[in-house]
Amino acid sequence: MLKTRTSRDIAVLAGVSQTTVSRVLQNRNNVREETRAKVLRVLEETGYVANQQARSMRMRKSGNIGVVTGRIKNPFYPELLSGLAQSVASTDHRMVLWTADSPTGDAAAIEAIQSGSIEGLIFTTATTDSSVLDRALTLNLPIVLTNRSIRGIQCDQVTSDNVSGGRRVARYFRKHGRSRMAVVGGLENISTGQERREGFFAQCEEDAISLAPELQLMCDFTHEDARRVGLEILQKDDRPDAVFCVNDLIAFGVRDAAEVLGIRVPEDLWIVGFDNIESSAWDRMSLTTVAQPISEMAAISLDLLLKRIEDPARPFEHQKFLGDLIPRNTTAYSPE
């Protein structure tokens with residue numbers, strides 16, 4: 001379980017107000033030097049900030065915004081990173097990128113946190129077992145989780161309304177007479193897949209639609225794993241006539257499985273993805289999908305992080321964005 005130490009805790013230990021702690025964290029001048037020294041000492045003793053960070057509070061800010069990501073092979077993340085880079089470029093900050101898929105990336109990010117060389121972090125692929133996220137929370141660094149969320153932690157978060165998106169796909173299938181639906185993709189520790197499945201299942205239950213357990217398959221967020229699972233479900237005697245894939249890359253894998261088996265899309269099988277990555281609109285793909293407003297999510301994420309840097313005591317926000325369902329060839333361009 002990830003745990004955080006709050007500025008309220010520091011205020012109690014230092015015998016000052018939470019406002020005073022915030023002023024020290026922001027290196028403001030309207031704090032008595034003996035009070036500042038007392039707060040800094042408590043910050044260092046508790047690990048709220050590392051010794052190097054406490055020293056850096058007396059100096060100018062670094063101007064560096066850290067971004068921790070993974071799954072670079074999934075085209076969604078380069079698109080999100082591009083949006084973040086454009087947003088950062090419009091400010092007087094710089095973006096520093098680490099990939100969480102490698103131990104060296106984690107180590108470099110943790111070193112940057114401990115040295116105080118970054119002002120805040122944006123995570124695009126956060127999970128509860130992330131060592132970088134755990135360290136950033138321990139040091140109470142300004143943090144924004146983008147795309148994925150984690151319940152119960154104290155930080156700002158920016159996501160799609162994934163539950164609503166899943167519901168939307170279920171209603172779309174029902175409207176067009178799909179009678180045997182399947183859901184593919186998702187892992188237990190990743191919020192996006194969990195929430196999209198949750199919304200789809202909830203809508204089916206409300207509509208009294210029974211989903212066959214053998215057509216509710218989990219898989220990794222990769223084309224090859226989705227293709228494997230697609231071959232499994234599409235060779236069943238009573239195969240589905242519609243498949244909801246929790247992201248576009250999984251949808252591509254299922255579509256390739258259908259092509260291998262000679263199953264026509266959309267005549268015999270409908271496929272819907274989620275994300276609306278650029279390649280989903282290509283003529284060869286033409287994938288019906290739920291679009292995430294990637295550029296807007298990136299801009300809001302940076303805005304929230306900069307606000308958190310300026311005011312660490314402000315209330316945390318979780319902003320959710322509704323996605324649009326975009327009909328394309330994999331559902332015969334049928335309107336929502």
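Predicted model: local features only at pLDDT ≥ 70, side-chain atom pairs only at ≥ 80, totals over all residues.
First, the ground rules. Local features need pLDDT of at least 70 and side-chain atom pairs count only at pLDDT 80 or more, while totals for chains, interfaces and linings use all residues. Residues are numbered from 1 along each chain as its sequence is written, and side-chain values use heavy atoms, with hydrogens and water left out.

I begin with the rings. Rings of Phe, Tyr and Trp (for Trp, the six-membered ring) pair if their centres lie within 6.5 Å; planes under 30 degrees apart count as stacked, over 60 as edge-to-face, and the rest as tilted. By this rule there are 5 aromatic pairs. Take Y172 and F173: the ring centres are 6.4 Å apart and the planes are at 35 degrees, so this pair is tilted. Are these two residues buried or exposed? Buried means under 20% relative accessible area, exposed over 50%, and partly exposed in between, with a 1.4 Å probe and protein chains only. Y172 has 1% relative accessibility, so it counts as buried. F173 has 0%, so F173 is buried too.

Next, F200 and F244 are stacked, at 5.3 Å centre to centre with 25 degrees between the planes. This pair links distant parts of the chain: F200 is in helix 9 (residues 191-206) and F244 is in strand 8 (residues 242-245), 44 residues apart. Helices (H or I, at least four residues) and strands (E, at least two) are DSSP runs, numbered from the N terminus. Ring pairs join Y172, F173, F200, F244 and W270 into a cluster.

Now T125. It lies in the loop between strand 3 (120-123) and helix 7 (131-138). Its relative accessibility is 13%, so T125 counts as buried. What does T125 touch? Contact means heavy atoms within 4.5 Å. Leaving aside neighbours within four places in sequence, T125 is in contact with V68, T69, G70, R71, Y77 and R148.

Last, the cores. A nonpolar core is a set of buried Ala, Val, Leu, Ile, Met, Phe, Trp, Tyr and Cys residues joined through side-chain atoms within 4.5 Å. The largest one has 48 residues, and V184, I233, V243, I250, L269 and I271 have the most contacts inside it. Among the elements that each supply at least two residues of this core are strand 1 (64-69) and helix 12 (294-310). Apart from it lies another core of 21 residues, including V68 and W98. In soluble globular proteins, nonpolar side chains tend to be buried together.
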